[in-house]
Amino acid sequence: MEEFKTYVLKEPIGVVGLITPWNYPLLMATWKVAPALAAGCTAVLKPSELASLTCLELGAICEEVGLPSGVLNIITGLGPDAGAPIASHPHVDKIAFTGSTATGKTIMTAAAQMVKPVSLELGGKSPLVIFDDVADIDKAVEWAMFGCFFNSGQVCSATSRLLLHEKIAERFLDRLVEWAKNIKISDPLEEGCRLGSVISKGQYEKIKKFISTARSEGATILHGGDRPKHLGKGFFIEPTIITDVSTSMQIWREEVFGPVICVKVFKTESEAVELANDTHYGLAGGVISDDLERCERIAKVIHSGIVWINCSQPTLVQAPWGGNKRSGFGRELGEW
Ligand SMILES: NC(=O)c1ccc[n+]([C@@H]2O[C@H](COP(=O)([O-])OP(=O)(O)OC[C@H]3O[C@@H](n4cnc5c(N)ncnc54)[C@H](O)[C@@H]3O)[C@@H](O)[C@H]2O)c1
Ligand SMILES: C[N+](C)(C)CC=O
């Protein structure tokens, strides 16, 4: 056997198509552009039609610092016009997509025609489980709020399904409503703003529809659900807390992508895990408990790519990012 040698050669895959969403337009682009270029690929970036400007600025900066022409190419436009041709193009060797599960399926179908590899960072409906042993309830309430209302809830990993142990549920919800009432909702450029408008009229109407469907299906809008009274125009929605939710309701099952949290109460750890995993998605999840062994135990059985312990949302570049199930596959960031 001494005369044989075997080794792995890491080489650039070629031209990569990078299709990104509007909710963190520059961040989602840089998560893809930097590793693609570092790996020696050339890239075609298609930012969202709702938020293209920061990506065009990224292109201008790359040009300014001397990136050779043609290495990073940025195409703006609507998904079917500018994104679909990238997915189906025979000279694009791989697609890295971040966006909704519905678009992810379309892109995967197009790429499959050429057996083109894809990585998909898709939507979520992530749970945050809170146990009765938490001594600092206010801290847990703060994480629950941040986990779902941050960026006006337009976060793929938003922990939008809140699971509360029955012994603390009433007290927790009282505090959550109290905190939600005190969130400053305003023009994001105003000092102290904590909740801005959502991206577009379409998104605003979609969120309002989710809330009205929840109400008509029998859920209770415990707080919010409407436009804030002091804001007559703009696509503002109050932080919304929904209770009396059943697992068959749309609000429990589908991604809202707005400042809307739905709540269920559990009795036992196994019931909490069952509810946490009761979703087609598998992007993220969180557990809050003063018992770290319990946290570790739960983190291992939540079927998602990311699980937060005693927090929700902090994202470290050292750790891989990505989902399971209908939240996609492939990982960004980190080493693994
Ligand atoms: N998993 C993650 O890391 C992550 C991060 C951010 C956002 N998201 C998800 O993104 C979604 C919100 O973003 P969105 O509304 O921009 O998503 P989207 O799927 O509507 O659009 C995403 C991108 O795909 C393009 N596109 C649309 N149709 C296309 C087609 N047929 N072919 C090719 N490209 C097409 C759009 O123009 C846009 O650039 C949410 O579901 C959210 O959870 C996921
Ligand atoms: C990855 N993250 C949380 C920054 C944006 C998701 O929507």
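Which residues line the largest cavity? They are Gly-124, Lys-125, Gly-153, Val-155, Cys-156, Ala-158, Ser-160, Glu-255, Val-256, Phe-257, Gly-258 and Val-260. Keep in mind that this is a predicted model.

**Cavities**

- The count of cavities of 30 Å³ or more comes to three.
- The largest cavity has a volume of about 80 Å³, and its lining splits into six nonpolar, four polar and two charged residues.
- Lys-125 and Glu-255 are among the residues lining that largest cavity, and both belong to the charged class.
- Next comes the second largest cavity, with about 50 Å³ of space.
- The second largest cavity is lined by 15 residues, and those closest to its centre are Pro-127, Thr-279, Tyr-281, Gly-282 and Ala-284.
- Sorted by class, the lining of the second largest cavity has six nonpolar, six polar and three charged residues.

**Overall build**

- The chain carries ten helices and 15 strands.
- Its radius of gyration is 21 Å, close to the 20 Å that the globule rule gives for 336 residues, so the chain is as compact as a globular protein of that length.
- If you boxed up the C-alpha atoms along the principal axes, you'd need roughly 65 × 60 × 35 Å.
- Out of the 336 residues in the chain, 49% count as buried.
- Take the contacts between residues at least 6 apart in sequence: 67% of them join residues at least 24 apart.
- The chain's accessible surface comes to about 16700 Å², and carbon and sulfur atoms account for 56% of that.

- As background, most residues other than glycine have a negative phi.
- Val-115 isn't a glycine, yet it has a positive phi of about 50 degrees.
- You'll find Val-115 in the loop between helix H4 (101–112) and strand S5 (118–121).
- Val-115 counts as exposed because its relative accessibility is 73%, and the cut-off for exposed is over 50%.
- Asn-310 isn't a glycine either, and it has a positive phi of about 55 degrees.
- Asn-310 sits in the loop between strand S13 (306–309) and strand S14 (324–325).
- With a relative accessible area of 27%, Asn-310 is partly exposed.

Technical notes
Residues numbered from 1 in each chain as written. Chains lettered and ligands numbered in written order. Predicted model: local features only at pLDDT ≥ 70, side-chain atom pairs only at ≥ 80, totals over all residues. Heavy atoms only, no water. 1 Å grid on protein atoms, 1.4 Å probe; cavity = no way out; pocket = protein on both sides within 12 Å on 5 of 7 lines; lining within 4 Å. Points joined across faces, edges and corners; volume = space filled by probe spheres on them. Helix = DSSP H or I, 4+ residues; strand = E, 2+ residues; numbered from the N terminus. Rg over C-alpha atoms; globule rule 2.2 N^0.38 Å. Buried < 20%, exposed > 50% of the residue type's maximum accessible area, 1.4 Å probe, protein only. Contact = heavy atoms within 4.5 Å. Areas by Shrake-Rupley, 256 points an atom, 1.4 Å probe, with all protein chains shown as cover.
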